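Subject: Structure for your review

Dear colleague,

Please find the structure below, together with its sequence. My notes on what was found in it follow, arranged by topic.

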Amino acid sequence: MSAFSNEPLKDGNKGGFWKKGSGFPGSIKPVYGAQHPPLQMMPRGKEDRSKSSNKKDAFQDFENKTSDAWDDGDDDLLVMANIQMSLRDVQSTAKAVMENHSKQFSAQNQQNAIKDHVTAVPSATSSHGAGPGVGVRLNSGWRPPKSTPIRYTKDVVPDREATKLEKFRSVLAGPNTDLDELRKLSWSGIPKAVRATAWKILSGYLPASVDRREPTLQRKRHEYFSFIEQYYDTRHQEMHQDTFRQILKDIPRMTSLAHLFQQQVVQEIFERILYIWAIRHPASGYVQGINDLVTPFFVVFLSEFIENDVESENFEVSQLPKETLNTIEADSFWCTSKLLDGIQDNYTFAQPGIQMKVNALQELVKRIDVPLYKHLEEQCVEFLQFSFRWMNNLLMREIPLRCTIRLWDTYQAEENGFADFHLYVCAAFLVRFTQDILREHDFQGILMFLQNLPTHHWQNEEIGELLAEAFKLKYMFADAPNHLSKKK
């Protein structure tokens, strides 16, 4: 039988293929392009090759001894390379091999048509014996088939942002804004074009009535600058100079938008906002971290007067008219004040609000992720050591500012979002990095990781996932406080 016969070899076995030890030389096995692994290796023995000057005999010996590259080592190929033969014989042999395997390949595809399975094909350049058969290798004209590029189809979807923006404008344009509907729309994010107005309403700074908004803005802005006239000159007095000195130290450290906060006009705005708030709230005064909480309001209200978010970082604020700067400053002050009114116990003496939230976070993680809780406990990592900053700065030091703004869309939409919902966000935030924390096996490694979390690349998608997990935790535990405290 010819070594290149298309009929299957018979030796009495059920499979129709010869076994190891059967005396059928020249068996053909699948080559490059086959969808199944090679068959059993062909046995090798000591072969006596007689040196004959007869080219036909030499080729016949080559044909009988031809085996696929699956079972021929480098030594065998070197021996075959020394056999004298014509290019025509080699090409005809290669053609026969390829035709035979093409038929086997087609038959195999028909058998596997109902199976949704793809087997990786070895590379023709692999150094592990993979590649085309001997006949194909010897044909210098052979080239691997060109790969077909994958074409991705994209479903045509409506412009969701445009549709969402229209819904917001419709709600905000009514004579009396439906706060429940506004919160419902805002939970999943607020379009930039209406974010400033929505934040002012959701924070309680602006009334729901459209007719009352402009008079309220004028009155509150005038009131803020009357505070400056009344109190700002006292910043150098002995009883207040320590507070003002600390404010001066903290403002240059606000590096979320470094260039923006290095501008003198911006620093002066923050100095006035923070000092006036501290003077008007003597129970807490100024505490490090409060400066960060002004930033999202300032950037959002600034973005009303510039073309896009990218310019916020490098925008020269001094180019804006004085009246516009006063508007941004006053609105930032009042919205920050509204936020701090809900979490002021975070900043009173000994910061009891933060202590309570850290303890609640510890109990919550103990319920939802036991392996993580035990790992932190075994490595003597206290929750206060890493989550104090999360509560004090509302995660602003852990995620990019763009993500903070998106997060605050939801906080503003949630009832007591900054005070209550933030706890569940922190729990979801920590559990998100469980596997990374478990890979750290010492105290120092865990704390270094938690203080430098890999979130610099985060976008709205990651914040959306985080909020979804936080909402599930709130749904499970917010109405069941006993789940978070042991009965004594």
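A residue is called buried when its relative accessible area is under 20%, exposed when that value is over 50%, and partly exposed in between. Please also bear in mind that this is a predicted model.

Cysteines

Cys 403 has a relative accessible area of 0%, so it counts as buried. The value for Cys 426 is likewise 0%, and this cysteine is therefore buried. A disulfide is taken here as a pair of cysteine sulfur atoms within 2.5 Å. By that rule the count of disulfides comes to 0.

Salt bridges

Side chains of opposite charge can pair when their charged atoms come close. In the whole structure, the search finds 17 salt bridges. One of them joins the side chains of Lys 200 and Glu 304, with 3.7 Å from N to O. This pair links distant parts of the chain, 104 residues apart: Lys 200 belongs to helix α7 (residues 192–202), whereas Glu 304 is in the loop between α12 (290–302) and α13 (310–314). The two partners may be described in turn. Lys 200 is buried, with a relative accessible area of 6%. Glu 304 is partly exposed, at 41%.

A salt bridge also forms between Arg 221 and Asp 331, whose closest N and O atoms are 2.9 Å apart. Here too the pair links distant parts of the chain, since Arg 221 is in helix α8 and Asp 331 in helix α14, 110 residues apart. Both Arg 221 and Asp 331 are buried. Lys 200, Arg 221, Glu 304 and Asp 331 are linked in a network of salt bridges.

Helix α14

Helix α14, which carries Asp 331, runs over residues 322–342 and has 21 residues. From its first C-alpha to its last it reaches 31 Å, close to the 30 Å expected at 1.5 Å a residue. Why can α14 be described as largely enclosed by the rest of the structure? The reason is that 15 of its 21 residues are buried.

The loop between α8 and α9

Thr 234 lies in the loop between α8 (210–231) and α9 (238–250). With a relative accessible area of 16%, Thr 234 is buried. A polar atom of its side chain lies 2.5 Å from the backbone oxygen of Tyr 231. A further salt bridge is made by the side chains of Asp 233 and Arg 235, at 4.0 Å from N to O. Asp 233 is exposed, with a relative accessible area of 62%, whereas Arg 235 counts as buried at 18%.

Residues brought together in space

Pro 296 is found in helix α12 and is buried, with a relative accessible area of 0%. Ser 387 is found in helix α17 (residues 383–392). Its relative accessible area is 0%, so Ser 387 is buried. Ser 387 and Asn 359 are 28 residues apart in sequence, and their C-alpha atoms are 9.9 Å apart in space.

Positive phi angles

Gln 351 has a phi near 45 degrees, a positive value in a residue other than glycine. Its place is in the loop between α14 and α15 (352–368), and it is buried, with a relative accessible area of 16%. Asn 416 has a phi near 55 degrees, which is also a positive value in a residue other than glycine. Asn 416 lies in the loop between α18 (401–413) and α19 (417–432). Is Asn 416 buried or partly exposed? Its relative accessible area is 47%, so Asn 416 is partly exposed.

Surface patch

Phe 471, Tyr 475 and Met 476 form a nonpolar patch on the surface. Together these three residues have about 370 Å² of accessible area. Met 476 lies in helix α22 (residues 460–477) and is partly exposed, with a relative accessible area of 45%.

With kind regards

Note on methods
Residues are numbered from 1 along each chain as its sequence is written. This is a predicted model: local features need pLDDT of at least 70, side-chain atom pairs count only at pLDDT 80 or more; totals for chains, interfaces and linings use all residues. Side-chain values use heavy atoms; hydrogens and water are left out. Helices (H or I, at least four residues) and strands (E, at least two) are DSSP runs, numbered from the N terminus. The expected span of a helix is 1.5 Å times one less than its number of residues. Buried means under 20% relative accessible area, exposed over 50%, partly exposed in between (1.4 Å probe, protein chains only). Patches are made of residues with over 30% relative accessible area and no salt bridge: like charges are joined within 9 Å, nonpolar side chains (Val, Leu, Ile, Met, Phe, Trp, Tyr) within 5 Å. Accessible areas come from the Shrake-Rupley method with a 1.4 Å probe; for residues, only the protein chains shown count as cover. A polar contact is a pair of N or O atoms within 3.5 Å; within protein, one must be able to donate a hydrogen and the other to accept it, and residues adjacent in sequence count only if both atoms are side-chain atoms.
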